[in-house]
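Got your viewer open and ready to select things? Let's take a short walk, one stop at a time.

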Amino acid sequence: MLIDVNMTINGKAVSGQVEARTLLVDFIRDHQRLTGTHVGCDTTQCGCCTVHVDGKAVKSCTILAVQTRGKDVLTIEGLAQADGTLHPVQEAFREHHGLQCGFCTPGMVMMGVDICRRHPNADEQTVRHELEGNICRCTGYQGIVEAIMDASAKMAGAR
Amino acid sequence: MENFGYHTPASVADAAKILVANEDAKLMAGGMTLLPTLKQRLAAPSDLIDLAGIAEMKGISRDGDEIVIGAMTPHADVHESALVREAIPGLAALAGQIGDPAVRHRGTIGGSISNADPASDYPAGLVGHGATVVTNKRKIAADDFFTGLFDTALEPGEIVTTVRFPVPLWSTYQKLRHPASGYAVVGVLVAQTKAGVRVAVTGAGPSVFRIAAMETALSQDFSAKAIEGITVSADDMNNDMHASAAYRAHVVTVLAKRAVASR
């Protein structure tokens with residue numbers, strides 16, 4: 001049996017029909033063809049699939065599409081402005097080379113935005129602690145941590 | 001995972017009705033344990049009853065000398081709550097040590113305690129503070145709620161609706177966190193309450209437990225020195241790839257001393 005789902009993704013109203021067991025990440029990638037959100041582990045550990053639901057970072061591999069009916073979903077594709085201007089966290093990842101292969105990056109950036117929301121002027125210890133649900137196998141985290149600290153300071157200053 | 005019927009009741013009574021009518025139905029709170037379990041096909045319920053739409057199970061309030069937390073309140077909300085931070089900072093800190101930020105945005109207190117994972121943090125939080133679990137049928141003292149490994153006093157058709165925490169004089173939670181999973185290898189909550197000192201341990205054994213000898217010693221002399229000679233038997237501890245039973249038994253006393261010393 002298929003269930004009707006309606007939600008907002010990146011500011012746009014979308015709808016579809018899914019099985020109850022369809023994960024949000026599969027709805028985003030396979031139904032909406034927004035493939036910027038990655039599936040790393042599919043076991044709630046790596047954070048590659050991190051998106052925001054009603055403004056809060058969640059792992060989209062561990063929430064059903066039917067659980068986000070009527071909610072506001074933000075993926076990596078919706079972060080930059082329409083004219084291509086990067087979000088401060090994206091800009092900081094570029095500035096500080098916060099990536100190598102790029103697979104974990106969408107999740108890192110989405111979690112980074114959530115960290116900046118909750119921790120203005122986040123220090124290194126806070127950022128490292130907050131990143132415990134996001135795994136990177138290339139960078140050793142150094143550039144990622146620097147990027148989020150920098151973005152956190154800049155976003156706090158812009159408030 | 002296998003497919004299932006999906007229900008979104010708007011009241012606890014409706015949820016209970018669906019639960020009773022479908023023998024193989026499961027309640028879903030935040031789904032942080034349930035969905036991974038279904039994905040691994042370790043369970044295949046006929047129906048999922050999503051409790052997210054039940055307003056009466058959400059929110060945090062103060063009722064006299066108790067902090068009342070709705071079962072569907074996520075860990076992040078407990079961690080960030082000004083009410084909890086002011087009245088029971090040790091509980092706010094405990095909630096902030098569960099899983100990772102994304103998990104804390106979804107996982108709930110009601111789901112966590114109903115699952116009763118031996119390595120979860122809230123059992124120590126509830127038993128350590130002498131909390132009361134309120135269900136759609138009755139009130140259960142935390143001491144009687146956790147009955148064993150992944151086992152609780154909940155009966156078929158019974159749903160946790162709120163948890164009531166008496167405001168302690170002081171409390172803290174000390175945890176040896178597994179570095180990969182975030183679960184408690186051992187977690188110790190020490191509370192000074194109007195009813196006396198309470199010491200509750202999670203992660204170490206098959207279920208949360210109190211250490212009466214430490215509670216007695218601390219009632220007479222609230223110092224780390226007073227409990228340095230008090231140990232738990234390794235025979236009763238978990239023994240797995242993460243830590244041996246002897247190690248866990250040792251860490252229980254270490255963390256209890258650390259908790260008391262932080263006063």
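With 11 C-beta neighbours inside 10 Å, A:Arg94 counts as exposed, because the cut-off for that label is 12 or fewer. Before you go further, keep in mind that what you have open is a predicted model. Now show the helix around your selection: A:Arg94 sits in helix 2 of chain A, which covers residues 88-95. A:Arg94 and A:Ala147 are 53 residues apart in sequence, yet their C-alpha atoms are 8.1 Å apart in space.

**Stop 1: the buried residues of helix 2**

Which residues of helix 2 of chain A are buried? Select A:Pro88, A:Val89, A:Gln90, A:Ala92 and A:Phe93, and you have them. Then step just past the end of helix 2 in chain A, where A:His97 takes a positive phi of about 50°.

**Stop 2**

On the helix 2 side of chain A, pick A:Pro88, A:Val89, A:Ala92, A:Phe93 and A:Glu95. Across from them in helix 5 of chain A, pick A:Ala147, A:Ile148, A:Asp150, A:Ala151, A:Lys154 and A:Met155. Colour this contact by class and you get eight nonpolar residues, three charged and no polar.

**Stop 3: helix 2 against helix 3**

Keep helix 2 of chain A on screen and bring up helix 3 of chain A, residues 105-118. At what angle do the axes of these helices cross? The answer is roughly 125°, and the axes come within 9 Å. Helix 2 and helix 3 of chain A are therefore oblique to each other, and helix 2 of chain A passes helix 3 of chain A in a right-handed crossing.

Select A:Val89, A:Gln90 and A:Phe93 in helix 2 of chain A. They meet A:Thr105, A:Val109, A:Gly112, A:Val113 and A:Cys116 in helix 3 of chain A. By class, this contact of helix 2 with helix 3 in chain A holds five nonpolar residues, three polar and no charged.

**Stop 4**

Follow chain A onward into the loop between helix 3 and helix 4 (124-130), and click on A:Asn121. Its phi is near 55°, a positive value in a residue other than glycine. Is A:Asn121 buried, exposed or partly exposed? With 13 C-beta neighbours inside 10 Å, A:Asn121 counts as partly exposed.

**Stop 4: the domains of chain A**

Zoom out and colour chain A by domain: domain 1 is 3-76 and domain 2 is 88-157. Their centres, taken over C-alpha atoms, are separated by 22 Å. The contact takes 15 residues from domain 1 of chain A and 11 residues from domain 2 of chain A. On the domain 1 side of chain A, strand 3 (50-53) and strand 4 each supply at least two residues. Strand 3 of chain A gives the largest share of that side, three residues. By class, the domain 1 side of chain A has six nonpolar, eight polar and one charged.

**Stop 5: across to chain B**

Show both chains. The contact takes 21 residues from chain A and 19 residues from chain B. On the chain A side, strand 4 (56-59) and helix 3 of chain A each supply at least two residues. Strand 4 of chain A gives the most to that side, with four residues. By class, the chain A side divides into seven nonpolar, seven polar and seven charged.

Now colour chain B by domain: domain 1 is 1-47 and domain 2 is 170-261. The C-alpha centres of these domains of chain B lie 34 Å apart.

B:Ala116 has a positive phi of about 55° although it is not a glycine. With 21 C-beta neighbours inside 10 Å, B:Ala116 counts as buried.

Note on methods:
Residues numbered from 1 in each chain as written. Chains lettered and ligands numbered in written order. Predicted model: local features only at pLDDT ≥ 70, side-chain atom pairs only at ≥ 80, totals over all residues. Axes fitted to C-alpha atoms, helices over the stretch in contact; angles between N-to-C directions. Parallel < 35°, antiparallel > 145°, perpendicular 65-115°, else oblique. Left-handed = near helix turned anticlockwise from the far one by under 90°. Contact = placed C-beta atoms within 7 Å. Nonpolar A, V, L, I, M, F, W, Y, C, P; charged D, E, K, R; others polar. Domains from an automatic or database assignment. Buried ≥ 20, exposed ≤ 12 C-beta atoms within 10 Å, placed from the backbone.
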